[in-house]
Amino acid sequence: MPDISSLHALGIYPWVRKTVTNAATEGAATSLQARVATCTACTLSSTRTQTVLGGGNPQARLMIIGEAPGFYEDQQGEPFIGNAGMLLTNILQAFGWTRNDVYITNILKCRPPNNRDPLPDEIANCTPFLIEQINAVKPSILLALGKIAANYLLNTNASLDELRQTVHLHHPTNTPLYVSYHPAYLLRAPGDKKKAYADWVAIKRATDSVSKC
Ligand code: SF4
C-alpha cells in the first residue's frame, strides 16, 4: 500500500477504515489539491478554466515537469494531453513505460492566456506547490521538459542545449535532474527528435538503475 500521506498530498484519497484515526484524512480539506484548486495567488486564477495539479503514479521513480497547462489541459484538468501529450505518451511507451509509471506535472498549475510564457511572479507564486509535490512523490529522478522548466529548476538562464546530456542536482531536494526538449517543441522541430531520443536513453537508464527513495 503506498504511503497514505503522500497520496493525500496529491489529492488522492484511497478508502480507509473509519475506525482508524488518520490525521491526513482529517486534514483533507487542506490538501495540496484543494489548496491549488482555490489558489488566487496570481492573476492566472481569473483566466483559468480549472487548475491542473498533476497526474500519474504518486510513488513514481521518475517525475516529469513541464512548463504550464495549455488549452486542452485547462479544459480537462490533466497535464500533457493534446498533441504534445500524445507525443509524450508515445515516447514513454517507446521506453517501456505508461503514464502510470511516472508522475507528470508543470511548474505552473494554471494556463497562461494564449499559452504565453510564465511570468516571473507567476513562477514565484506557484512553484512552492511544485516543491510540495516533489517532497510528496520523492522521485529518484527529475526530468525538466523545455527551457522554462529547466531554467527554473536549475536557477539558470542557460540554453536547453547547454543543459541537456548532463546530470544536474536539483536544490533543495538534492534529486538528480535531467533536461530534454518539451514535446510541443519537438512537434514544431521534428529534426531534434533524434537528440531527444538520446536524452531519453540516458533518462531511462538512470531511472532503471536507481531504487525508489
Ligand atoms: Fe495559484 Fe499557481 Fe494558479 Fe497562480 S498559477 S493562481 S499561483 S495555482
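Biologist: Why is Asn115 called partly exposed in this model?

Modeller: The model is predicted, and the relative accessibility of Asn115 in it is 42%. Asn115 lies in the loop between strand 3 (103-106) and helix 6 (120-137).

Biologist: What makes the backbone of Asn115 worth noting?

Modeller: Its phi is near 60°, a positive value in a residue other than glycine. Most residues other than glycine have a negative phi. Gln165 also has a positive phi, of about 60°, and is not a glycine. Gln165 lies in the loop between helix 8 and strand 5.

Biologist: Which other residue is found in the loop between helix 8 (160-163) and strand 5 (168-170), and how is its accessibility classed?

Modeller: Thr166 is found in that loop. Its relative accessibility is 37%, which falls between the cut-offs of 20% and 50%, so Thr166 counts as partly exposed. The C-alpha atom of Thr166 is separated by 7.7 Å from that of Val179, although the two residues are 13 apart along the chain.

Biologist: What is the form of the peptide bond from His171 to Pro172, and where is Pro172 found?

Modeller: The bond is cis, with omega near 15°. Most peptide bonds are trans. Pro172 is found in the loop between strand 5 and strand 6 (175-180).

Biologist: How many aromatic pairs does the structure hold, and why is the pair of Tyr181 and Tyr185 called stacked?

Modeller: There are 4 aromatic pairs. For Tyr181 and Tyr185, the ring centres are 5.2 Å apart, within the 6.5 Å limit for a pair, and the planes are at 20°, under the 30 degrees required for stacking; the pair is therefore stacked.

Biologist: Which residues form an aromatic cluster, and what makes the contact of Lys204 with Trp97 a charge over a ring?

Modeller: Phe95, Tyr197 and Trp200 form one aromatic cluster. The charged end of Lys204 sits over the ring of Trp97, 4.4 Å from its centre, and the distance limit for such a contact is 6 Å.

Biologist: Why is Val36 called buried?

Modeller: Its relative accessible area is 2%, under the cut-off of 20%, so Val36 is buried. Val36 is found in helix 3 (residues 32-37). The C-alpha atoms of Val36 and Cys126, 90 residues apart along the chain, are separated by 8.9 Å.

Biologist: Where does the ligand sit, and which residues surround it?

Modeller: The ligand sits in the largest cavity. Cys126 is one of the residues that surround the ligand; the others are Cys39, Ala41, Cys42, Leu44, Ser45, Arg48, Lys109, Cys110, Asn125 and Phe129. This shell divides into 7 nonpolar, 2 polar and 2 charged residues.

Technical notes. Residues numbered from 1 in each chain as written. Predicted model: local features only at pLDDT ≥ 70, side-chain atom pairs only at ≥ 80, totals over all residues. Heavy atoms only, no water. Near = heavy atom within 4 Å. 1 Å grid on protein atoms, 1.4 Å probe; cavity = no way out; pocket = protein on both sides within 12 Å on 5 of 7 lines; lining within 4 Å. Sits in = over half its atoms within 2 Å of the grid points. Nonpolar A, V, L, I, M, F, W, Y, C, P; charged D, E, K, R; others polar. Phe/Tyr/Trp six-rings, centres within 6.5 Å; stacked < 30°, edge-to-face > 60°. Lys NZ or Arg CZ within 6 Å of the ring centre and 35° of its normal. Helix = DSSP H or I, 4+ residues; strand = E, 2+ residues; numbered from the N terminus. Buried < 20%, exposed > 50% of the residue type's maximum accessible area, 1.4 Å probe, protein only.
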